[in-house]
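Please read them with the coordinates open beside you.

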Amino acid sequence: MRKVAIVGTGHTDFMSDAPKTEVEMFCEAGTEAMQEASVVPKDIQALYCGNVFGDFAEGQGMIQSYIANELGCHHVPATRFEGACASATLAIRDAFMWVASGFYDVVLVGGTEKATAMGTPLATRTFAMGSDAKYEFPAGITFPAYFALLANLYAYKYEVAMERLREQMSMISVQSHFYGTKNPHAQFKHKEITMDQVSKGFVVASPLRLLDCCPFSDGAAVLVLASEEKAKQLTDKPVYITGIGQASSPKMSAQAPFLPRIRARELSVKQAYDMAGIGPEDIDLCELHDCFSIASIIAAENMGFAENGKGGELWEKGETKIDGKIPINISGGLKAKGHPIGATGASQTCEVVRQLRGDMAAEGRQVEGAKTGLVDTLGGDGIISNLILQTGV
């Protein structure tokens, strides 16, 4: 299997009510990624696109073919990936395997979404399609309810007082918004918040309050992947994908023996760690799936950064900050950067690549000396994918 590098990145602003279509946003990010990689459309041998709600949001299916054409990548194989919020990460994992196998040398991969075009009622309904439609959605389990249940179960199972857990969750949101103000692409780049604002926000699903929840978002992010031989011709800063993982879960009720742990994440990240030959102690920064503040705590534990029941202490001790033991979501995360679900995994990967190249100093959020990064994306309640990225390997 050949080594595979990321040689180009592109990222649009994340926002509400984007003036561009999903195709246009992907093309904007894709053009930036190709320019950064010093490739032109005829160099692209295949295109992979994460997208979930193009049909609901714009009445547009099959966007991958139109993206390829608009970018000038005429007649290349173009494939759409749908794995809820993990769509783009699944696309990157598959793109990696095609290049690693030797079938392609250069591919374009990313994601795009325009969720806010649906409005809150339809967006809430369509997002719930990422959970069990026959039994759990009719019982009222949308994703805020899902993670609220996990928060209550977490407090009970690990004997963490709800008052303390509530405070830890507020710390997570405050930190995400702090770093989001430093990210020029963030949806909330002008909105720093306080512990008091989080704790006094209206209740969405107890104990989750408004500022515990990520927003609906529009945006796109795209990457150029290349074989090692090709990468050496294109850039002096290749970032290699050295570990990949993916695992699936059943509906929430069938996960009961493990909850609040997400067993699929434990399996997926182990695949990635084993493939890269490293462990959680070797990770210099992580972009994890913080759709809700409690999700950050659970994810940090699943990936081995803390014992079960102790994840919130990472934020209490400041260990998740830029100069901490394990910097987490220095982009602002889904919470403040935004969560255009078909693009989220590509955005997380773009962030880690730029951190490992040392590109973030000008934005005041460079993790000094970072060589190894971890991407974590959760799709609905059933799909997890992880990527390990490294330089100097």
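**Notes on the predicted model**

1. Glu36 is partly exposed, because its relative accessible area is 32%, and this residue belongs to helix α1. Please keep in mind that the model is a predicted one. Leaving out residues up to four places away in sequence, Glu36 touches Val7, Gly8, Thr9, Arg354 and Arg357. Its C-alpha atom is separated by 39 Å from that of Met195, a residue 159 positions apart from Glu36 along the chain.

2. The packing of helix α4 (residues 87-100) on helix α14 (residues 344-356) is worth a look, the angle being about 65 degrees and the axes lying 5 Å apart. On the α4 side the contact is made by Ala88, Thr89 and Ile92, and on the α14 side by Gly345, Ala346, Gln348 and Thr349. Sorted by class, this contact has three nonpolar and four polar residues, with no charged residues.

3. Helix α7 (residues 162-180) contains His177, which counts as buried because its relative accessibility is 0%. Apart from neighbours within four places in sequence, His177 is in contact with Phe188, Lys191, Glu192, Ile193, Lys335 and Ala336.

4. Arg166 pairs with Asp212, with the closest N and O atoms 2.6 Å apart; since Arg166 lies in helix α7 and Asp212 in the loop between β6 and β7 (218-227), the pair ties together parts that are 46 residues apart in sequence. Both partners fall under the 20% cut-off for burial, as Arg166 is buried with a relative accessible area of 13% and Asp212 is buried at 0% relative accessibility.

5. Arg164 counts as partly exposed at 39% relative accessibility, whereas Glu313 counts as buried at 18%. Salt bridges with shared partners join Arg164, Lys310, Glu313, Glu316 and Lys317 into one network.

6. In the salt bridge between Asp94 and Arg93, the closest N and O atoms are 4.0 Å apart. Asp94 is partly exposed, with a relative accessible area of 22%, while Arg93 counts as buried at 18% relative accessibility.

7. The bond from Ser206 to Pro207 is cis, with omega near 10 degrees, and Pro207 lies in the loop between β5 (203-205) and β6 (208-209). A cis peptide bond also joins Leu259 and Pro260, with omega about 10 degrees; Pro260 is placed in the loop between β8 (239-248) and α10 (263-276).

8. Asp17 has a positive phi, near 55 degrees, in the loop between β1 (4-11) and α1 (22-37), and it counts as exposed at 59% relative accessibility. His75 has a positive phi of about 70 degrees and is found in the loop between α3 (63-71) and β3 (78-81), where it counts as exposed at 84% relative accessibility.

9. Finally, Phe56, Leu122 and Met129 make a nonpolar surface patch of about 250 Å². Met129 lies in the loop between α5 (119-127) and α6 (143-157) and counts as partly exposed at 43% relative accessibility.

How values were computed:
Residues are numbered from 1 along each chain as its sequence is written. This is a predicted model: local features need pLDDT of at least 70, side-chain atom pairs count only at pLDDT 80 or more; totals for chains, interfaces and linings use all residues. Side-chain values use heavy atoms; hydrogens and water are left out. Axes are lines fitted to C-alpha atoms, for helices over the stretch in contact, and angles run from 0 to 180 degrees between N-to-C directions. Helices (H or I, at least four residues) and strands (E, at least two) are DSSP runs, numbered from the N terminus. Contact means heavy atoms within 4.5 Å. Ala, Val, Leu, Ile, Met, Phe, Trp, Tyr, Cys and Pro count as nonpolar, Asp, Glu, Lys and Arg as charged, and the others, Gly among them, as polar. Patches are made of residues with over 30% relative accessible area and no salt bridge: like charges are joined within 9 Å, nonpolar side chains (Val, Leu, Ile, Met, Phe, Trp, Tyr) within 5 Å. Accessible areas come from the Shrake-Rupley method with a 1.4 Å probe; for residues, only the protein chains shown count as cover. A salt bridge is a side-chain nitrogen of Lys or Arg within 4 Å of a carboxyl oxygen of Asp or Glu. Buried means under 20% relative accessible area, exposed over 50%, partly exposed in between (1.4 Å probe, protein chains only).
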